[in-house]
Amino acid sequence: MSSTWHILGAGSLGSLWACRLARAGKAVRLILRDGQRLQAYQQVGGLTLVEQDQPRHYAIPAETAQARGPIHRLLLACKAYDAAPAIASVAPRLVEGAEVLLLQNGLGSQDEVADLVPRARCIFTSSTEGAFRDGEWQVRFAGHGYNWLGDPGNPALPAWFDDLQQAGIPAEWSLDILTRLWRKLALNCAINPLTVLHDCQNGGLLGHLDEVEALCAELARLLRQCGQPEAAHELDAEVQRVILATAANYSSMYQDVRAGRRTEVHYLLGHACRAAGRHGLQLPRLERLLQRLVDSLRVRGLPCD
Ligand code: NAD
Ligand code: KPL
């Protein structure tokens, strides 16, 4: 297996991973959307990572999906709604047994990707790291955070796992990655839509704790029904802890809506409601929350899927 890290998506997290891996001397190649993006990137000559206000430039090679070389290891670093078309664009280049790391938040996109590349090993990631784009080809690391990686179908640690430690990417191999992803999805469902609907920072939800608590009760029922009792354990207490710890922050969904960007609702609250439907569970508060959110996105002219 080649040791090159192909990274599809030079957005916030993709650029953060690319720069840290390149800095550690790992072979990295970016896969950009099309020839126009590639040309624009080549004019700048690389990515800039800003850490603690210090910018540093990394001349990382890039190509488009149509390049010819085989791909042994791919970090898919796009939004959940872009994951399926993105993997389809590089699928013919994946070698037998290729490893694909999925950085997407929420649930549902991982299965969409796995269905399209049945001969690849799909590794799911749950990340609490924060990064945002600071300009064209420049990303600012917000610091802190952690990554859990795991493969629900295969507990074996990937051979390249040490690359992450060498690159300063805080990560742990998780044997219960689905539990982690469900827990994060539940946190996001209990907090993010309400911050949009109440137009507030996370801390603003302290004034709506009855609503938060009622949602947590339904989410915990859903998690147990989906065979995730650990993800349901003391969910309400953790949601309140996160609200307090991030009181001054705006949730990622709030930021997307404010910036007029598409949200990942389909893979967060949408996924929760679809899972409830499949299990024949009636969760009226979650369903009403999704309806209110969808209505609010429509009014703003944003996609609601
Ligand atoms: P982003 O929008 O900053 O970056 C995604 C990039 O993928 C964009 O540059 C986009 O142009 C590119 N892309 C999409 N389709 C493509 C294609 N077919 N070919 C090539 N490039 C393509 O997104 P992000 O903030 O890095 O988020 C990625 C995922 O990580 C999301 O699911 C998000 O929820 C999750 N996440 C992000 C953060 C964060 O701090 N940014 C933290 C935790 C989790
Ligand atoms: O992950 C988050 C987000 O904003 O997406 C937190 C801070 C946990 C709120 O749900």
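Ligand 1 is surrounded by 24 residues, where a residue counts as near a molecule if one of its heavy atoms lies within 4 Å of it, and the closest of these residues are Ser12, Leu13, Glu129, Ala131 and Glu264. The structure is a predicted model, in which local features need pLDDT of at least 70 and side-chain atom pairs count only at pLDDT 80 or more, while totals for chains, interfaces and linings use all residues. Residues are numbered from 1 along each chain as its sequence is written, chains are lettered from A and ligands numbered from 1 in the order in which they are written, and side-chain values use heavy atoms, with hydrogens and water left out.

A backbone N or O atom of Ser12 lies 2.9 Å from an oxygen atom of the ligand, and a backbone N or O atom of Gly11 lies 3.4 Å from an oxygen atom of ligand 1. From the side chain of Arg133, an N or O atom is 3.2 Å from an oxygen atom of ligand 1.

Around ligand 2 stand Lys184, Leu187, Asn188, Ile191, Asn192, Asn202, Val242, Ser251 and Ser252. A polar side-chain atom of Asn188 lies 2.9 Å from an oxygen atom of this ligand, whereas for Asn192 a polar side-chain atom lies 2.5 Å from an oxygen atom of ligand 2, and an N or O atom in the side chain of Ser252 is 2.5 Å from an oxygen atom of ligand 2.

The protein chain is assigned domain 1 (5-175) and domain 2 (179-299), with bounds that come from an automatic or database domain assignment, and the C-alpha centres of the two domains lie 26 Å apart. Between them, 18 residues of domain 1 are in contact (heavy atoms within 4.5 Å) with 13 residues of domain 2. The buried area, meaning the accessible area (1.4 Å probe) that two parts lose on being put together, summed over both, is about 1500 Å² here, and carbon and sulfur atoms give 58% of it. On the side of domain 1, Tyr81, Asn105 and Leu107 lose the most area to domain 2, together 49% of what that side buries.

Six residue pairs are in polar contact across this interface, both residues being at pLDDT 80 or more, but the count of salt bridges between the domains is zero. A salt bridge is a side-chain nitrogen of Lys or Arg within 4 Å of a carboxyl oxygen of Asp or Glu, and a search of the whole structure finds 17 of them. In one salt bridge, the side chains of Glu136 and Arg37 meet at 3.0 Å, N to O.

Key. Polar contact = N/O pair within 3.5 Å; in protein donor to acceptor, adjacent residues only side chain to side chain.
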